[in-house]
Amino acid sequence: MKDMNITCLDSSTLTRGDIDFAPLEALGNFSHFDRTVPSQVIERSRDAEVILTNKVVLDAGIIQSLPNLKLILVCATGVNVVDLDARLDRANPLNVVVVLD
C-alpha cells in the first residue's frame, strides 16, 4: 500500500504535548506544524492527501490548489473553517469529517 501524505496545520491547538501522533505517522508521511498562517497553507499542504485542521481556514482557493487532497479532518466542533461548496467543485469531491475529542 502506498504511504499517505498527511499534514496537520495547527497541532499546537490540539495538544499540550499529550497527544501521541504515532498512529498517524504509521499511516504514511505525517508532518505537523504548530501554527500555519494563511500564506503558508498551500506550501505546507502541496502534497497532502489528508489535512487535519482546527483553526486554519481552507477556503475555495486553497482547496482548488491542492489536487492530491482527498480528506479534510476538522478537529473542532464545526466546519466553518472549510468552504464546503468548494469541496464539491472538484473532479474528485472531498470528504470532510469532524473529529471531536
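Valine 96 is found in strand S5, which covers residues 95-98. Helices (H or I, at least four residues) and strands (E, at least two) are DSSP runs, numbered from the N terminus. The model is predicted: local features need pLDDT of at least 70, side-chain atom pairs count only at pLDDT 80 or more, and totals for chains, interfaces and linings use all residues. Residues are numbered from 1 along each chain as its sequence is written, and side-chain values use heavy atoms, with hydrogens and water left out.

Valine 96 counts as partly exposed because its relative accessibility is 22%. Buried means under 20% relative accessible area, exposed over 50%, and partly exposed in between (1.4 Å probe, protein chains only). Valine 96 touches Ile72, Val74, Val79, Val82, Leu84 and Arg87, with residues up to four places away in sequence not counted. Contact means heavy atoms within 4.5 Å. The C-alpha atom of valine 96 is separated by 10 Å from that of aspartate 83, 13 residues apart along the chain.

Isoleucine 72 stands opposite valine 96 in S5. Strand S4 (residues 71-74) and S5 run parallel and are joined by four bridges. Two strands pair if DSSP finds at least two bridges between them. Strands of a sheet pair through backbone hydrogen bonds, either parallel or antiparallel. Here five strands form an open sheet in the order S2-S1-S3-S4-S5, with parallel pairing. Its edge strands, S2 (28-32) and S5, each pair on one side only. On average, neighbouring strands of this sheet are turned by 15 degrees against each other, direction ignored. For these angles, axes are lines fitted to C-alpha atoms, for helices over the stretch in contact, and values run from 0 to 180 degrees between N-to-C directions.

Strand S3 contains threonine 53. Threonine 53 is buried, because its relative accessible area is 0%. Leaving aside neighbours within four places in sequence, threonine 53 is in contact with Asp10, Leu58, Ile72, Leu73, Val74, Cys75 and Val81.

A search of the whole structure finds one salt bridge. Lysine 70 forms a salt bridge with glutamate 49, and the closest N and O atoms are 3.1 Å apart. The pair links distant parts of the chain, 21 residues apart: lysine 70 lies in the loop between helix H3 (60-64) and S4, glutamate 49 in the loop between H2 and S3. A salt bridge is a side-chain nitrogen of Lys or Arg within 4 Å of a carboxyl oxygen of Asp or Glu. Helix H2 spans 41-45 and strand S3 spans 50-53. Glutamate 49 counts as buried, because its relative accessibility is 8%. Its contacts, not counting residues up to four places away in sequence, are Lys2, Asp3, Met4, Asn5, Asn68, Leu69, Lys70 and Leu71.

The protein chain has four helices and five strands. From the N terminus on, its elements run β-α-β-α-β-α-β-α-β. Its radius of gyration is 13 Å, close to the 13 Å that the globule rule gives for 101 residues, so the chain is as compact as a globular protein of that length. The radius is taken over C-alpha atoms, and the rule is 2.2 Å times the number of residues to the power 0.38. Along its principal axes, the C-alpha trace spans about 35 × 30 × 25 Å.

Of the 101 residues in the protein chain, 35% are buried. Among contacts between residues at least 6 apart in sequence, 49% join residues at least 24 apart. The chain exposes about 6,100 Å², and carbon and sulfur atoms supply 52% of it. Accessible areas come from the Shrake-Rupley method with a 1.4 Å probe; for residues, only the protein chains shown count as cover.
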